[in-house]
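Thank you all for coming.

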Amino acid sequence: MNENNIILPEPTLRRLPWYLAYLEILKGKNVENVSSTQISRALSVDASQIAKDLSFLNIKGKTRIGYEVKALIEALSDFLGFTRTHKAYVIGAGSLGKALIRDSGLSNYGLEIVAGFDVNENVISRTDLGVPLYHIDHIYDVMEENPASIAILTVPAESAQESADIAIGAGIRAIWNFTPYRVKVAEGVVMANTSIYAHLALIFNRLEALKG
């Protein structure tokens with residue numbers, strides 16, 4: 001657990017899950033120890049940067065042995081918050097929203113989706129997603145019965161800001177935005193943008209550049 005409430009640089013936070021995923025692979029192969037040099041070769045991250053990133057965990061490798069894989073996995077998982085449950089709502093139960101609700105793998109990282117919200121009555125009436133679906137107007141009531149701290153936005157771009165405002169007004173403390181619209185939130189609300197379209201544009205652009 002991040003007992004000192006250290007605010008890590010965003011690039012470091014983005015790299016730590018890479019290390020964790022690689023360590024999980026090593027664990028599956030019964031590898032007991034790994035060095036920062038080995039991680040560096042596998043992930044193409046400078047070894048000195050890896051050592052610096054891992055120093056935030058207050059765990060140190062041993063000379064000529066490296067880090068104990070299982071211990072480092074536990075330290076990373078705890079530090080990143082993956083060992084604690086965080087409840088979330090999905091706002092926008094379209095194709096992407098439904099996919100996230102059905103993604104049981106998210107629970108392995110501490111994210112528990114407990115409800116979905118939409119404005120389409122045909123969507124709201126569905127009972128096959130494993131969590132209840134509600135009209136967005138009922139978010140205040142649901143927050144009282146089964147509160148969450150995170151709202152995952154998978155609504156159309158034109159509804160993104162309004163949906164975020166409603167969620168925050170109901171007491172949501174963090175927004176995970178999957179829409180292409182850059183939502184604005186008040187100070188004190190955690191905001192993370194995951195733009196599928198931006199990355200798709202990057203891939204298309206680089207592919208075109210290769211043709212040249």
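Where is the place of Thr12? Thr12 sits in helix 1, where helices (H or I, at least four residues) and strands (E, at least two) are DSSP runs numbered from the N terminus. Before I go further, this is a predicted model, in which local features need pLDDT of at least 70 and side-chain atom pairs count only at pLDDT 80 or more, while totals for chains, interfaces and linings use all residues. Residues are numbered from 1 along each chain as its sequence is written, and side-chain values use heavy atoms, with hydrogens and water left out.

Thr12 counts as buried because its relative accessibility is 4%; the term buried means under 20% relative accessible area, exposed means over 50%, and partly exposed lies in between, with a 1.4 Å probe and protein chains only. Once its neighbours within four places in sequence are set aside, Thr12 is in contact with Asp53 and Phe56, contact meaning heavy atoms within 4.5 Å.

Staying with helix 1, residues 10-28, its axis comes within 11 Å of that of helix 2, residues 36-43, and the two cross at roughly 100°. The axes are lines fitted to C-alpha atoms, for helices over the stretch in contact, and angles run from 0 to 180 degrees between N-to-C directions. Helix 1 is therefore roughly perpendicular to helix 2, on a scale where 65 to 115 degrees counts as roughly perpendicular, under 35 as roughly parallel, over 145 as roughly antiparallel and the rest as oblique. From helix 1, Trp18, Tyr19 and Tyr22 meet Gln38, Ile39, Ala42 and Leu43 of helix 2. The residues of this contact divide into six nonpolar, one polar and no charged, where Ala, Val, Leu, Ile, Met, Phe, Trp, Tyr, Cys and Pro count as nonpolar, Asp, Glu, Lys and Arg as charged, and the others, Gly among them, as polar.

Asn30, in the loop between helix 1 and strand 1 (33-34), has a positive phi near 65°, and Asn30 is exposed, with a relative accessible area of 67%. Ser44, in the loop between helix 2 and helix 3 (47-54), likewise has a positive phi, of about 60°, and Ser44 counts as exposed at 69% relative accessibility.

Next comes the second largest pocket, which holds about 240 Å³ of space. On a 1 Å grid over the protein atoms alone, a pocket is an open set of points with protein on both sides within 12 Å along at least five of seven lines, whereas a cavity is a set where a 1.4 Å probe fits but cannot get out; lining residues have an atom within 4 Å of a point. Of the 15 residues that line this pocket, Asp118, Val119, Val155, Ser159 and Ser163 are the closest to its centre. Strand 4 (111-118) and helix 8 (157-170) are the elements that give two or more residues to the lining, and helix 8 gives the most, with four. By type, the lining comprises eight nonpolar, five polar and two charged residues.

Finally, the whole chain has nine helices and eight strands, and buried residues make up 38% of its 212 residues.

How values were computed: Grid points are joined across faces, edges and corners, and a volume is the space filled by probe spheres set on the points.
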